[in-house]
Amino acid sequence: MLSARIERLLSVGTPISRAMVPLINGLARQRLLRGGVEQREVRINGIPINYYYKAPVQAAADTFPIVLIHGIADNALTWSFIMGALARKYPVYAIDLPGYGFSSLPPGRSYMTLDEMRDILEVFMKTAVGEPAMVAGNSMGGWLSVKLAWQIPAQILGIVLLDAGGAPLQGRDSWVPFGETIGIPDMKTARLVFRQMFGGIPAPMLYLGQHSLQELFQRRVVREFVANMMSADPERELLRAADLRALPVPAGIVWGLNDNFLPKGSLDFFRDNLPGAPTMLLKRCGHLPQRERPVAVLHFLRMFAAQLAARRANSTLV
């Protein structure tokens, strides 16, 4: 009853609700640019791809690039809380995937498949980055990181999976509720998804951001991508245990323990099939650790990068 009254009171604030996420992203972009981050564009197969780049403040001999990949319905600005600090030592690249942020899609296309995005990332790694790098991906970005590691292992030093998607679980049936919810048909579902994604969110924020969230997930690039995934052969699209167990590069795991956005069992799939992988499990954190717990994520990425640097130095000495 109370929520119904609140909803009626806040219905007059619908324009503010629609503007909330764009406003947050706009402020994040301005903060990055004021902090010395460069906004760049590269054309890949004729497609304008936007990315943000920050040169290291003090590059060291063991420095290498770090590439950050966002998840579904998100964009490169999701990394705004950690990008500047990470660039104190490492060159950092945060890419807008095709159709997201400021990146375009091919003419006549409304979305790209995972494999097509992976191929764009491959060219990006070889041209814009130009040397082997560590890759960190959240959600769909983690899924892509695994695919990318298999596609171009010589260009990938290691990957960090932040609440990664793609776990096969019990096949397509495991993902049906996700596919139905992610369409966000109404404001009740918008608030549900907010609660699923974030470890803890004040009630007023559920209402202030609900229309923005719905519009993010109802964009054609998201809707048609999800529809394609739900109709595709799960054996081909979803990850397999062997994809992780025989992964050709080192991997680390970061996971919000309050993530109810992904299907249940997703964390167990990655932990079980990446035995020995450095892992950080975050209490009171949901699906977007880089937004909710940026300091902890920053520390983990630095630790993992240091391990990769040591491994690289040892392999050089052998």
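The model is a predicted one, in which local features need pLDDT of at least 70 and side-chain atom pairs count only at pLDDT 80 or more, while totals for chains, interfaces and linings use all residues. Residues are numbered from 1 along each chain as its sequence is written, and side-chain values use heavy atoms, with hydrogens and water left out.

## Spaces in the model

Let us begin with the terms. On a 1 Å grid over the protein atoms alone, a cavity is a set of points where a 1.4 Å probe fits but cannot get out; a pocket is an open set with protein on both sides within 12 Å along at least five of seven lines; and lining residues have an atom within 4 Å of a point. Grid points are joined across faces, edges and corners, and a volume is the space filled by probe spheres set on the points. For residue classes, Ala, Val, Leu, Ile, Met, Phe, Trp, Tyr, Cys and Pro count as nonpolar, Asp, Glu, Lys and Arg as charged, and the others, Gly among them, as polar. Helices (H or I, at least four residues) and strands (E, at least two) are DSSP runs, numbered from the N terminus.

| Space | Volume | Lining by class |
|---|---|---|
| Largest cavity | about 250 Å³ | 13 nonpolar, two polar, two charged residues |
| Largest pocket | about 570 Å³ | 19 nonpolar, nine polar, four charged residues |
| Second largest pocket | about 330 Å³ | nine nonpolar, seven polar, three charged residues |

The structure has one cavity of 30 Å³ or more. Its lining has 17 residues, and Trp143, Trp175, Phe178, Met229 and Leu238 lie nearest the centre. Helix 9 provides the largest share of this lining, four residues.

The largest pocket has a volume of about 570 Å³. It is lined by 32 residues, with Val21, Phe194, Phe198, Leu288 and Arg291 closest to its centre. Helix 2 gives the most to that lining, with seven residues.

Around the second largest pocket there are 19 lining residues, and Asp259, Asn260, Leu262, Pro263 and Lys264 lie nearest its centre. Helix 6, strand 7 and helix 12 each supply at least two residues of the lining.

## Helix 12 and its surroundings

Helix 12 spans residues 266-273, and its Ser266, Leu267, Phe269, Phe270 and Asn273 are buried (under 20% relative accessible area, with exposed over 50% and partly exposed in between, for a 1.4 Å probe and protein chains only). Seen down the helix 12 axis, these buried residues fall within an arc of 160°, so they line one face of the helix; the arc is that of the directions from the helix axis to the C-beta atoms. They pack against strand 6 (156-162), helix 11 (241-245), strand 7 (251-256) and strand 8 (279-282).

Phe270 has a relative accessible area of 1%. Beyond its neighbours within four places in sequence, Phe270 is in contact (heavy atoms within 4.5 Å) with residues including Leu161, Leu239, Ile253 and Trp255.

Strand 7 is mostly covered, with six of its six residues buried. Ala251, Ile253 and Trp255 point one way from the strand, and Gly252, Val254 and Gly256 the other way. Strand 7 runs parallel to strand 6, joined by four bridges, and also pairs in the parallel sense with strand 8 over four bridges; two strands pair if DSSP finds at least two bridges between them. Leu161 stands opposite Ile253, and Val254 stands opposite Met280 in strand 8.
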